[in-house]
Amino acid sequence: DLSNWPQLYTSTVTQGANIKGNFYRPNQQMVYALLYAQFGQSTTLPYHLVSILLHIASGMMLFTWLRRLGLGLIGGAFGAGIFLLHPVQTEAVCYISGLSDPLATFFIMIAVLLMTPRSEHGVVTPNLLVKFGKIPLLAIAVAMAMLSKESGVVFAPMLVFLVSYSCLLQKRRPKLEEAIAIVVVGLLAAASVLAKFTLFKFGDSIGLT
């Protein structure tokens with residue numbers, strides 16, 4: 001129930017069913033609450049549709065990312081196609097309970113695009129973060145990913161790789177904005193991990209998957 005939304009952000013995902021567990025994925029629960037408020041249990045279609053649309057959106061962003069890395073139209077489409085259609089995605093996309101995966105991936109891909117420069121004909125266009133100073137937007141995307149699934153913390157090491165790639169491509173040192181971004185994302189990841197072992201440790205099981 002949407003009236004219980006504060007509890008969604010302060011409890012495990014199975015608390016409402018009085019089942020012991022240690023998964024902290026409040027954004028997933030919030031999406032369920034929004035869908036339930038609108039559609040109830042009359043049909044499962046909206047619940048499936050959200051996961052499918054998130055997966056497609058992530059695939060489109062992946063295609064854009066591959067193109068920015070220098071792949072051609074066919075290469076980018078092939079890479080995105082593997083991501084979209086590979087059987088390993090079945091559980092995450094087809095199961096209603098797997099929503100946390102496409103939800104976290106969606107926000108991670110937003111963050112990835114913010115940190116990846118565009119390269120066309122050897123000319124590198126600075127990434128959006130450096131060009132517009134959108135560190136707050138990056139922080140929001142990363143925080144949303146971590147609140148969707150615990151494994152959203154993987155963006156912290158990914159960011160180090162993305163900045164390193166950008167510096168290698170442009171033959172330069174990291175810019176101040178990029179260093180700040182690494183610190184901000186690193187602090188968010190550290191806070192998320194710390195909370196997992198303290199504030200949001202709801203049982204004897206750590207629940208790291």
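Biologist: In which loop is the place of K171?

Modeller: Before anything else, please keep in mind that this is a predicted model. K171 sits in the loop between helix 9 and helix 10, and its relative accessibility of 77% makes it count as exposed.

Biologist: What is phi of K171 near, and how should I read that value?

Modeller: The general idea is that most residues other than glycine have a negative phi. Phi of K171 is near 55°, which is a positive value in a residue other than glycine. N18 also has a phi near 55°, again positive and again in a residue other than glycine; N18 belongs to the loop between helix 1 and helix 2, and with a relative accessible area of 71% it is exposed.

Biologist: How do helix 9 and helix 10 pack, in angle and in distance?

Modeller: In general, two packed helices are described by the angle between their axes and the distance between the axes. For helix 9 and helix 10, the latter covering residues 176-197, the angle is about 170° and the axes are 9 Å apart. Since angles over 145 degrees count as roughly antiparallel, that makes helix 9 roughly antiparallel to helix 10, and the crossing of the two is left-handed.

Biologist: At roughly what angle do the axes of helix 2 and helix 3 cross?

Modeller: They cross at roughly 140°, and the axes come within 10 Å. That makes helix 2 oblique to helix 3, and helix 2 passes helix 3 in a right-handed crossing.

Biologist: How many salt bridges does a search of the whole structure find?

Modeller: The search finds four, and the idea is to look for a side-chain nitrogen of Lys or Arg within 4 Å of a carboxyl oxygen of Asp or Glu. One of them joins the side chains of E150 and R25, with 2.7 Å from N to O. This pair links distant parts of the chain, 125 residues apart, because E150 is in the loop between helix 8 (135-148) and helix 9 (155-170), while R25 is in the loop between helix 1 (5-8) and helix 2 (26-39). Both E150 and R25 are buried, and together with K196 they are linked in a network of salt bridges.

Biologist: What is the N to O distance between D101 and K149, and why does the pair tie together parts that are apart in sequence?

Modeller: The side chains of D101 and K149 meet in a salt bridge at 2.6 Å, N to O. D101 lies in helix 6 (residues 100-114) and K149 in the loop between helix 8 and helix 9, so the pair ties together parts that are 48 residues apart in sequence. D101 is partly exposed, with a relative accessible area of 26%, whereas K149, at 12% relative accessibility, counts as buried.

Biologist: Are E178 and R172 buried or exposed?

Modeller: Both are buried, and E178 forms a salt bridge with R172 in which the closest N and O atoms are 2.8 Å apart.

Biologist: Which residues make the nonpolar surface patch?

Modeller: The patch, of about 560 Å², is made by L45, L49, I52, L53, I56 and M60. M60 has its place in helix 3, which covers residues 45-68, and at 55% relative accessibility M60 counts as exposed.

Note on methods: Residues numbered from 1 in each chain as written. Predicted model: local features only at pLDDT ≥ 70, side-chain atom pairs only at ≥ 80, totals over all residues. Heavy atoms only, no water. Patch = residues over 30% accessible without salt bridge, like charges linked within 9 Å, V, L, I, M, F, W, Y side chains within 5 Å. Areas by Shrake-Rupley, 256 points an atom, 1.4 Å probe, with all protein chains shown as cover. Helix = DSSP H or I, 4+ residues; strand = E, 2+ residues; numbered from the N terminus. Buried < 20%, exposed > 50% of the residue type's maximum accessible area, 1.4 Å probe, protein only. Axes fitted to C-alpha atoms, helices over the stretch in contact; angles between N-to-C directions. Parallel < 35°, antiparallel > 145°, perpendicular 65-115°, else oblique. Left-handed = near helix turned anticlockwise from the far one by under 90°.
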